[in-house]
Amino acid sequence: MRRYALRRVLQVVPVMLFIAIINFWLIHAAPGDPAAALAGDGAPQEFIEALRKDYGLDRPLLDQLGTYLGTLLKGDLGYSFAYRRSVVDVIVERLPATLLLVFASQIPAIVLGTLLGAFSARHHPSRIDSVVTAISLSLYAVPIFWSGLLLILVFAVWLRWLPASGMIDLLAPTEGIGRILDIARHMALPVTALFLYSLPQYVRLTRASVIEVMREDFITTARAIGYSENVVFFRHALRNALLPAVTVAGLSLSFVFAGALLTETVFGWPGMGRLMYEGVLKRDYPVLMGVFLVTSALVLIVGILTDLLYAALDPRVSYE
Amino acid sequence: MSVPTVVSDEAVARLDDEHVAAMEGLRRARAVGVRAFVERFLAQPFAVAGSILLGIVAATAIFAPLIAPYDPFGLYPPLGQPGQGHWLGTDPLGRDVLSMIIWGGRVSLAFAFGAAALSLAVGVVMGAVPGYVGGIVDDIFSRFLETFLVIPRLFLIILIVALLGSNIVFVIAVMGLTMWPSNAKIMRAQVLSIKKRGYVQAAIAAGVSPLPIIFRHVVPNGLAPVIANSTLQMAYAVLTEAGLSFLGLGDPNQVSWGQILNAGQSYVRSAPWIVISPGLAIMTLLLGLHFVGDGVTRVLNPRLSLGRE
Amino acid sequence: MKSPPVHGKAAPAAREPRSGTTLLEVRDLAMHFQVGSGWVRAVDGVSFELRRGETMGIVGESGSGKTSLGYAMLRLLPANGRILRGSIVFDGVDLVQLSEPELRRLRWTRFAMIFQNAMSALNPVFRVGDQIVDAVRHHTGVSRIAARERAADLFQLVGLSRTRLRGYPHEFSGGMKQRAMIALALSCKPDLVIADEPTTALDVVAQGQVLRQIKDLQRDLGLAMIFISHDISVVAEICRNVAVMYAGELVEYAPTEQLLTEPRHPYTMALLRSFPSVRGPLKTLLSVPGSPPDLVRPPSGCRFHPRCPFAQPICSEVSPPPIPTVDGGWARCHFTEEIRRRGSDAIDVLEKVG
């Protein structure tokens with residue numbers, strides 16, 4: 001098991017390398033002066049020149065790539081002129097807000113999605129099953145930035161129950177229960193949007209997996225032994241069906257991050273997603289590249305953890 | 001894949017006959033297959049509903065110049081409420097929302113078909129060739145595929161568009177070129193199993209060269225799941241384009257539904273109508289694509305037989 | 001008549017069971033399942049009897065309905081399957097009339113099944129031993145320890161080591177999995193075991209081992225057994241009587257030796273010539289000409305008539321009733337008596353046609 005884990009962890013390297021090369025290539029493919037692009041919009045000329053020297057942008061390409069990779073390895077993602085801080089600092093500051101949204105939305109989505117999917121599969125084929133399928137397909141078709149805007153319209157503008165944007169109220173308490181409640185109020189709508197966005201995926205996944213498993217021979221064996229349908233379903237079928245669902249859930253993080261990006265933009269939620277949007281507005285390329293890198297790394301890491309979890313849960317996986 | 005080195009004339013003649021017979025059978029099966037496919041597809045109410053929705057969107061987009069009441073770029077009193085003259089109101093700049101929605105369908109459909117088609121073409125080739133050839137080429141290639149599939153696509157596309165420009169043709173190309181790995185993965189899996197089948201082996205033994213084998217025998221039989229995947233990709237392309245436009249990264253020379261939402265998002269309180277209709281338009285197109293895609297998947301799914309023997 | 005193509009001698013008459021009473025009586029059983037817009041008549045009027053401790057084989061090509069019959073007997077129907085008519089009287093109780101809960105109580109404790117595909121018939125995420133323990137505890141409620149002991153005993157009975165109890169199905173070889181399935185089937189001491197092609201997926205060596213195991217167990221435990229297979233030589237090793245199934249019907253029934261030496265139905269005769277014998281003289285392999293019948297719209301009259309070299313006009317009009325032959329056997333053929341009288345001539349006809 002340990003060697004398998006090690007191998008999977010090592011697979012991070014080529015991916016990150018690939019991403020770094022993409023970043024590097026993009027900066028140089030962009031029209032204009034790469035140093036100016038790296039510095040970001042609005043940077044003064046001296047800064048650009050200093051950057052040019054630091055990154056050795058007047059040296060041959062391969063040297064530059066080497067320098068760039070070197071800086072990355074040191075954990076230096078560059079400096080954002082717009083924020084006047086290192087990119088790493090800005091990202092670290094924004095990351096927790098995004099993680100908060102992600103956890104708060106995904107956990108209910110996974111739980112409810114799995115339950116609904118299993119329930120729907122149990123009653124397949126039937127009208128209730130078709131209804132569930134139709135509803136999840138419909139949810140897929142709702143763009144998350146639109147559902148976010150609609151939620152704002154209904155709950156913040158018309159009903160005035162919840163705030164339309166931001167994470168905290170400037171006038172609210174800064175500590176204790178007051179603060180938690182304040183954040184919770186602000187979180188409600190974006191979490192709902194992200195929840196509705198992710199839910200259909202888990203429903204479909206679980207449903208497909210359960211239907212597949214119910215066709216297997218060992219289900220017939222279980223029935224032949226005389227177990228009740230409930231036992232057959234919950235003990236024999238689900239145990240097999242939920243395993244692949246786990247894997248795919250863990251691998252859908254990039255889908256979730258995309259949703260988070262759009263949600264944070266709509267709700268002005270100060271997370272990494274909104275940071276990407278701000279980077280676009282301000283043409284802050286170091287930030288854009290940094291967020292891209294970090295997001296990819298996170299997706300990769302979670303993917304590896306999911307794989308390992310799956311390997312631990314499924315007795316059939318051999319660690320060769 | 002080893003070709004027998006000594007093949008007698010009779011053996012070749014026999015294989016040729018078998019090969020021809022197999023191809024005939026395939027051709028016949030495929031012809032019947034198309035009709036059966038359409039029949040089964042139309043038997044599903046959701047698939048039919050989806051097709052109708054798609055048809056409506058397509059018709060609206062194609063006949064835009066005839067249907068749209070105004071020039072989508074024309075300026076009128078801004079933030080006008082929906083009423084006579086402007087059925088869906090006007091946006092903050094004064095553009096007629098209804099006209100923008102009618103014209104906006106073109107961009108969405110262009111992305112849907114353009115990006116998905118590019119992704120299909122590249123993905124099929126890039127999946128079939130390494131899968132067929134096997135060996136170290138396939139190994140390296142699979143690694144590359146897996147790497148690509150991990151990268152969060154939206155972030156990559158945003159980065160590319162921010163740095164290199166938002167011209168519509170360029171962005172469609174970018175989208176197609178970032179979407180193909182999932183098609184390639186599916187195609188490769190199909191090819192790996194199809195290349196072992198009888199008619200492929202017969203063709204190889206008969207001395208047919210690899211390229212025609214791949215593209216005339218192997219690929220057509222493995223296309224089904226790729227096509228099902230393509231409908232999903234079309235939906236993804238539409239959604240991503242809308243998202244990009246919403247973030248302000250759309251082509252400023254084009255009218256796009258996401259763009260309308262971008263303009264309207266700051267005026268949710270004062271002019272909510274601006275954000276309601278474009279979302280409905282996007283949703284209609286996506287519903288159509290998803291229902292049709294689901295219908296296609298169900299028909300192509302071989303697990304339709306229910307008997308035991 | 002030429003010697004019959006079998007592995008070895010036909011099974012000798014089994015030692016008479018403790019009581020020769022009827023254990024299972026199937027009368028006019030019909031089961032069909034829906035495919036598309038039509039109904040596949042997989043089992044269309046099957047009747048037979050089985051006594052305690054008796055062994056019976058059911059042979060036929062794939063598509064004959066024999067597997068469906070096996071499942072139907074235990075009322076293990078696919079989602080789209082229905083029992084149309086008939087009765088399955090097991091030890092005095094008609095299974096067709098029972099409710100699901102009542103049926104479930106009988107399952108595994110009175111009758112059990114050894115499934116065809118041991119590869120996938122065991123749950124991959126549970127240990128093999130635990131699957132047996134669960135079955136035992138479900139029906140008898142004994143303690144876990146007692147159940148584990150029983151599982152260990154069963155493993156020993158089928159020739160598997162105790163240590164394998166903790167293994168998962170994917171860690172077992174094909175033959176071992178099949179033996180584990182046998183252990184599972186016997187775990188609640190059933191009176192009847194239905195074996196559905198238990199050796200088909202195995203290599204020749206494993207096949208022999210498993211067959212021998214089944215034979216010994218049947219004899220030692222006095223089990224009634226129905227052995228379903230497309231391989232008549234395998235059935236001949238174990239079964240006292242054999243029924244031949246074609247297109248959803250039983251077309252011949254006879255004591256095994258009788259069937260092998262003097263088949264009375266043309267289909268049986270053709271089937272017998274389809275199997276090569278490793279020991280016997282080299283024969284031309286005859287496959288039965290024509291293709292398997294359409295079970296949605298089966299042929300009129302005798303279902304075998306389109307492929308039968310002896311067919312006469314009456315065969316396409318009237319479905320032959322079971323005509324008694326010897327030793328309690330029967331054959332559904334209008335001309336069974338003539339075929340018997342013509343003997344070797346009939347065989348020649350068959351060979352020319354093939």
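Which residues in α10(A) are buried? They are F218(A), I219(A), T220(A), T221(A), A222(A), R223(A), A224(A) and I225(A). A residue counts as buried if 20 or more other C-beta atoms lie within 10 Å of its own, as exposed if 12 or fewer do, and as partly exposed in between, with C-beta atoms placed from the backbone.

This is a predicted model, in which local features need pLDDT of at least 70 and side-chain atom pairs count only at pLDDT 80 or more, while totals for chains, interfaces and linings use all residues. Residues are numbered from 1 along each chain as its sequence is written, and chains are lettered from A and ligands numbered from 1 in the order in which they are written.

**Chain A and its helix α10**

Chain A has 14 helices and 2 strands. Helices (H or I, at least four residues) and strands (E, at least two) are DSSP runs, numbered from the N terminus. The C-alpha trace of chain A spans about 80 × 55 × 40 Å along its principal axes.

Just after α10(A), G226(A) has a positive phi of about 110°.

**Chains A and C in numbers**

Two residues are in contact if their C-beta atoms, placed from the backbone, lie within 7 Å.

| Chain | Residues | Buried share | Contact share |
|---|---|---|---|
| Chain C | 354 residues | 48% buried | 67% of contacts |

**Chain C: domains and a helix pair**

Chain C contains 13 helices and 12 strands. It is divided into domain 1 (22-110 + 190-353) and domain 2 (117-189); such bounds come from an automatic or database domain assignment. The C-alpha centres of domain 1 of chain C and domain 2 of chain C are 29 Å apart. Their contact takes 13 residues from domain 1 of chain C and 15 residues from domain 2 of chain C. On the side of domain 1 of chain C that touches domain 2 of chain C, helix α7 (residues 204-221) of chain C gives the most, with 6 residues. That side has 10 nonpolar, 3 polar and no charged residues. Here Ala, Val, Leu, Ile, Met, Phe, Trp, Tyr, Cys and Pro count as nonpolar, Asp, Glu, Lys and Arg as charged, and the others, Gly among them, as polar.

Two packed helices are described by the angle between their axes and the distance between the axes. Axes are lines fitted to C-alpha atoms, for helices over the stretch in contact, and angles run from 0 to 180 degrees between N-to-C directions. Helix α4 (residues 128-140) and helix α5 (residues 144-157) of chain C pack at about 120°, with their axes 9 Å apart. That angle makes α4(C) oblique to α5(C). Angles under 35 degrees count as roughly parallel, over 145 as roughly antiparallel, 65 to 115 as roughly perpendicular and the rest as oblique. Among the residues in this contact are I132(C) and V136(C) of α4(C), and A147(C) and L154(C) of α5(C). By class, the contact has 6 nonpolar, 1 polar and 4 charged residues.

In chain B, the axes of helix α2 (residues 45-62) and helix α4 (residues 97-133) come within 7 Å and cross at roughly 110°. α2(B) and α4(B) are therefore roughly perpendicular to each other. The contact uses V57(B), A58(B), T60(B) and A61(B) of α2(B) and I102(B), G105(B), R106(B) and L109(B) of α4(B). These residues divide into 5 nonpolar, 2 polar and 1 charged.

Chain B also meets chain A: 36 residues of chain B are in contact with 41 residues of chain A. On the chain B side, α6(B) gives the most, with 10 residues. That side divides into 27 nonpolar, 6 polar and 3 charged residues.

I160(B) lies in helix α6 of chain B. With 23 C-beta neighbours inside 10 Å, I160(B) counts as buried. Leaving out residues up to four places away in sequence, I160(B) touches L26(A) and V174(B).
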